[in-house]
Amino acid sequence: MHWTLLKYRKQLGLTQSELAKKIGISTNSYGKKENGTVPFKENEMAIILKLFKNDSIVTSLNDLFL
């Protein structure tokens, strides 16, 4: 599970559905990715990083996905 991603998503007050919509995937697909069943694609990680950087929550992909 991407605990860090979950933590930051909740810190922004976003649901899985809202974040899924922002990166252009289904809520079901996002849930599988957030719990680690399916890996995120590079473009999805880049969108998430950009969203979180805009709110000064994280500064790198390592902060979110490692």
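Guide: A salt bridge here is a side-chain nitrogen of Lys or Arg within 4 Å of a carboxyl oxygen of Asp or Glu. Keep in mind that this is a predicted model.

Visitor: Fine. How many salt bridges does a search of the whole structure find?

Guide: The search of the whole structure turns up two salt bridges.

Visitor: Which residue does Arg 9 form a salt bridge with?

Guide: Arg 9 forms a salt bridge with Glu 34, and the closest N and O atoms are 2.7 Å apart. That pair links distant parts of the chain, with Arg 9 in helix α1 and Glu 34 in helix α3, 25 residues apart.

Visitor: Is Arg 9 buried or exposed? And is Glu 34 buried or exposed?

Guide: Arg 9 counts as buried because its relative accessibility is 6%, where the cut-off for buried is under 20%. Glu 34 is buried as well, with a relative accessible area of 1%.

Visitor: And the other bridge, what does Lys 33 pair with?

Guide: Lys 33 forms a salt bridge with Glu 44, with 2.7 Å between the closest N and O atoms. Lys 33 lies in helix α3 and Glu 44 in helix α4, so the pair ties together parts that are eleven residues apart in sequence.

Visitor: Why does Lys 33 count as buried?

Guide: Because its relative accessibility is 5%. Glu 44 also counts as buried, at 4% relative accessibility.

Visitor: What is Lys 33 in contact with, leaving aside its neighbours within four places in sequence?

Guide: With those neighbours left aside, Lys 33 is in contact with His 2, Ile 25, Val 38, Pro 39, Phe 40, Lys 41 and Glu 44.

Visitor: Switching to rings. How many aromatic pairs are there in the whole structure?

Guide: A search of the whole structure gives two aromatic pairs. One of them is Tyr 8 with Phe 52, an edge-to-face pair at 6.4 Å centre to centre and 75° between the planes. This pair links distant parts of the chain: Tyr 8 is in helix α1 and Phe 52 in helix α4, 44 residues apart. Both Tyr 8 and Phe 52 are buried.

Visitor: What are the numbers for Tyr 30 and Phe 40?

Guide: Tyr 30 and Phe 40 form an edge-to-face pair, 5.8 Å centre to centre with 65° between the planes. Here too the pair links distant parts of the chain, Tyr 30 being in helix α3 and Phe 40 in the loop between α3 and α4, ten residues apart. Tyr 30 and Phe 40 are both buried.

Visitor: Now the helices. Which residues of helix α2 are buried?

Guide: In helix α2, residues 16-23, the buried ones are Leu 19, Ala 20 and Ile 23. They sit on the same side of α2, because they cover an arc of only 105° around the axis.

Visitor: Why would that spacing work?

Guide: An α-helix has 3.6 residues a turn, so residues three or four places apart point the same way.

Visitor: What covers the buried residues of α2?

Guide: The cover includes α1 (3-11), α3 (27-34) and α4 (42-54).

Visitor: At what angle do α2 and α3 pack?

Guide: They pack at about 100°, with their axes 8 Å apart. The two helices are therefore roughly perpendicular to each other.

Visitor: Which residues in α2 and α3 meet?

Guide: From α2, Gln 16, Ser 17, Leu 19, Ala 20 and Ile 23 meet Thr 27, Tyr 30, Gly 31 and Glu 34 in α3.

Conventions. Residues numbered from 1 in each chain as written. Predicted model: local features only at pLDDT ≥ 70, side-chain atom pairs only at ≥ 80, totals over all residues. Heavy atoms only, no water. Buried < 20%, exposed > 50% of the residue type's maximum accessible area, 1.4 Å probe, protein only. Helix = DSSP H or I, 4+ residues; strand = E, 2+ residues; numbered from the N terminus. Arc of directions from axis to C-beta. Contact = heavy atoms within 4.5 Å. Phe/Tyr/Trp six-rings, centres within 6.5 Å; stacked < 30°, edge-to-face > 60°. Axes fitted to C-alpha atoms, helices over the stretch in contact; angles between N-to-C directions. Parallel < 35°, antiparallel > 145°, perpendicular 65-115°, else oblique.
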